[in-house]
Amino acid sequence: MGMSTVKRNSVRKSMAPGSQGPSSARRSSQYGRPSMGMNNTSSFFTTVKTSVQKDTRPLKNAQYKQKMATEVMEYLLENNFEMDMKYQLPHNALQSPTQKDFYHIFQWLYKRLDPGYEFTSPKPETEVMPQLANLRYPYSNSITKTQLTAVGSGNTWPTLLGMLHWMMELAQITDAYRNGDFDAAAEQEGVGIESEKIVFRYMSKCYNAWLAENDDHEEFEQEMQQAFEERDAGFLEELHQLEIENAAIKKELEDLNESHQPLQKLQEEKAVLEEDAKKFGIYISAMDAKMQRYTENIEKIKKEIVTAQAELEKTEKQKATLQAQVDAQGLTPQDIDRMNSEREKLNQGLAQITSKLIETQEKLNTQVAQAQSKLEGLERAVSRYNTLAYKIGITPSTAPKAKGKEYELQILPLQDFEGSQGENKLVADSRTGYQPSQILNVDLRHEVRPFLEKLRQEIGVNINNAVDESMKHAELIDRVTEALADKKDELETLEVKVRAVNNEYQELKDTMQEEINMSNAEMEKQAANLQQMRVNMSKGALEAEQKLQSISIEYDEFLQARIHLREKLHSETQKIVAEVVDFKIHVQQSLEEFEERVDKAAQENSAPPPL
């Protein structure tokens with residue numbers, strides 16, 4: 001495009017979405033300026049013809065209408081409407097407004113979206129409809145010019161109030177975007193926008209300067225460079241922190257490798273617990289056998305007691321019979337002494353049996369207490385085993401390392417007699433105790449121990465793999481750091497080239513200005529000659545006329561040559577600037593790719609290694 005023939009517009013047009021500018025190639029709106037790298041001049045905000053949409057909002061509902069009016073009025077008051085517009089709204093401005101009230105509110109809301117736009121017409125029907133189309137108001141087809149001339153009528157005002165409420169919400173979203181309220185949401189989604197914001201600020205300042213006929217953008221480039229340096233300083237600091245953390249993790253890993261490993265400690269404790277469990281099993285078996293013997297002895301003693309009591313009753317009966325016989329028959333003292341002696345013998349036998357029964361009961365209570373103590377110790381051992389198994393991830397059966405099998409220990413007698421009290425849980429029935437295989441639900445020797453040994457080997461392999469991955473990540477970070485340093489050197493070289501191109505551009509500009517000055521001097525000189533020829537025209541009208549024609553032709557050719565030269569210089573300058581911009585964009589994209597790789601490597605390095 002010919003930049004030498006471009007004229008800047010003296011009238012500011014709207015830069016809202018879809019605004020149509022004049023026929024000139026350059027315009028004041030930031031959305032309408034054609035791109036230097038593309039011939040396509042269509043904007044993202046170009047007005048699109050859409051089908052008529054029906055407004056589904058309950059605009060004529062009194063409560064909804066009051067809600068919209070309240071929100072719009074609060075937004076106007078909070079953002080200094082009256083001070084900006086120098087216009088005071090009446091208290092019922094949003095209940096029964098005048099056309100002037102409506103037009104002032106519309107102008108103020110629209111300028112919240114496009115601060116540089118100037119309303120040139122005092123009639124709302126002239127300005128409102130085009131700007132609503134530019135804003136892509138979805139229900140703009142439901143508003144007519146007739147309604148804009150009578151905004152306060154009962155049928156018209158709800159529709160216009162809904163339009164103003166929609167503009168208010170759009171302005172609120174725009175304010176939030178400009179204030180950076182959505183930056184946190186973008187960061188949560190993993191989208192880095194800091195670089196885009198720096199470039200956007202640079203492009204906006206350059207564009208505004210270009211609109212003001214200022215082509216010196218060196219200050220903006222320095223600001224952009226400083227912003228990138230500040231951002232890179234943050235990245236370098238973060239990289240330094242990551243290197244420190246990585247060194248600390250490496251040192252901790254080395255200490256763990258050199259020190260006594262926790263898994264080995266657990267394995268040693270497990271071996272001790274297994275040995276204790278084996279001893280407890282043997283001891284419980286012995287106690288069960290003793291308990292069974294004691295139970296048999298007690299039963300025998302009970303039978304003997306019953307027999308002795310029966311004999312005693314029989315003896316008492318015999319004694320009574322004998323006493324009756326004695327009473328009936330005369331007995332000698334010797335017979336009575338003999339009978340007393342037999343009675344004493346029987347009493348002594350009964351006392352011995354009672355003492356033996358008491359001693360047996362005491363022994364039985366002692367054995368029961370010892371068995372209860374051993375059972376409690378077994379419960380503590382099983383609880384500790386289950387706690388450690390849960391920590392290393394082999395219980396419950398749904399744990400990742402359990403592989404669907406159940407390795408949680410349970411004491412079966414306690415499960416069978418969970419609600420019972422006393423010593424019933426110590427014996428399988430009234431006469432026999434539990435076998436070792438009947439105490440626990442899992443075979444420790446043939447199931448748990450082989451599984452733990454295999455798990456130990458797998459954890460050792462995972463630790464070795466984690467060490468290898470950590471070393472690979474460290475090497476990757478070193479390579480990325482070196483590549484980043486190389487890119488920084490390359491960026492400095494490119495910046496030097498950019499400054500050289502800018503100097504060349506300034507020299508071309510100065511040369512062009514000198515040529516223009518020389519052309520102006522030549523034109524003045526030719527004008528003086530023309531004046532001299534007019535003075536000397538009396539010497540020969542025909543000769544002067546021919547000479548005038550010749551000079552006019554030379555003057556036109558000179559002007560054409562000057563215009564051609566100026567267009568050529570503008571075209572070359574534009575091409576150089578476009579190449580520089582494309583090159584800087586390419587460098588920026590390369591830096592962003594390296595930054596993403598650094599972030600990705602840092603995240604992978606900061607993630608804990610899998611067990």
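So, helix 1 against helix 6: K65, M68, A69, E71, V72 and Y75 on the helix 1 side meet P158, L161, G162, L164, H165, M168, A171, Q172 and D175 on the helix 6 side, where contact means heavy atoms within 4.5 Å. By class, the residues of this contact are nine nonpolar, three polar and three charged. The classes are Ala, Val, Leu, Ile, Met, Phe, Trp, Tyr, Cys and Pro as nonpolar, Asp, Glu, Lys and Arg as charged, and the others, Gly among them, as polar.

Before I go on: this is a predicted model, with local features needing pLDDT of at least 70 and side-chain atom pairs counting only at pLDDT 80 or more, while totals for chains, interfaces and linings use all residues. Residues are numbered from 1 along each chain as its sequence is written, and side-chain values use heavy atoms, with hydrogens and water left out.

Back to the geometry. Helix 1 covers residues 62-78, and its axis comes within 10 Å of that of helix 6, crossing at roughly 45 degrees. Therefore the two are oblique to each other; under 35 degrees would be roughly parallel, over 145 roughly antiparallel, 65 to 115 roughly perpendicular, and the rest is oblique. The crossing is left-handed, so the near helix is turned anticlockwise from the far one by less than a right angle.

Now helix 3. What angle do the axes of helix 3 and helix 6 make? Roughly 25 degrees, for residues 99-113 against residues 157-178, and the axes come within 9 Å. That makes helix 3 roughly parallel to helix 6. Helix 3 also passes helix 6 in a left-handed crossing. The residues of this contact are 14 nonpolar, one polar and three charged.

Most residues other than glycine have a negative phi. N80, though, sits at a positive phi of about 60 degrees, in the loop between helix 1 and helix 2. K86 has a phi near 55 degrees, in the loop between helix 2 and helix 3.

How far do we trust all this? Mean pLDDT, the predictor's confidence in each residue from 0 to 100, is 78 for the protein chain, and 83% of its residues reach 70 or more. Confidence is highest in helix 1, at 91, and lowest in helix 12, at a mean of 66. Residues 1-50 stay under 50. Where pLDDT is low, the predicted coordinates should not be read in detail.

Definitions and conventions. Axes fitted to C-alpha atoms, helices over the stretch in contact; angles between N-to-C directions. Helix = DSSP H or I, 4+ residues; strand = E, 2+ residues; numbered from the N terminus.
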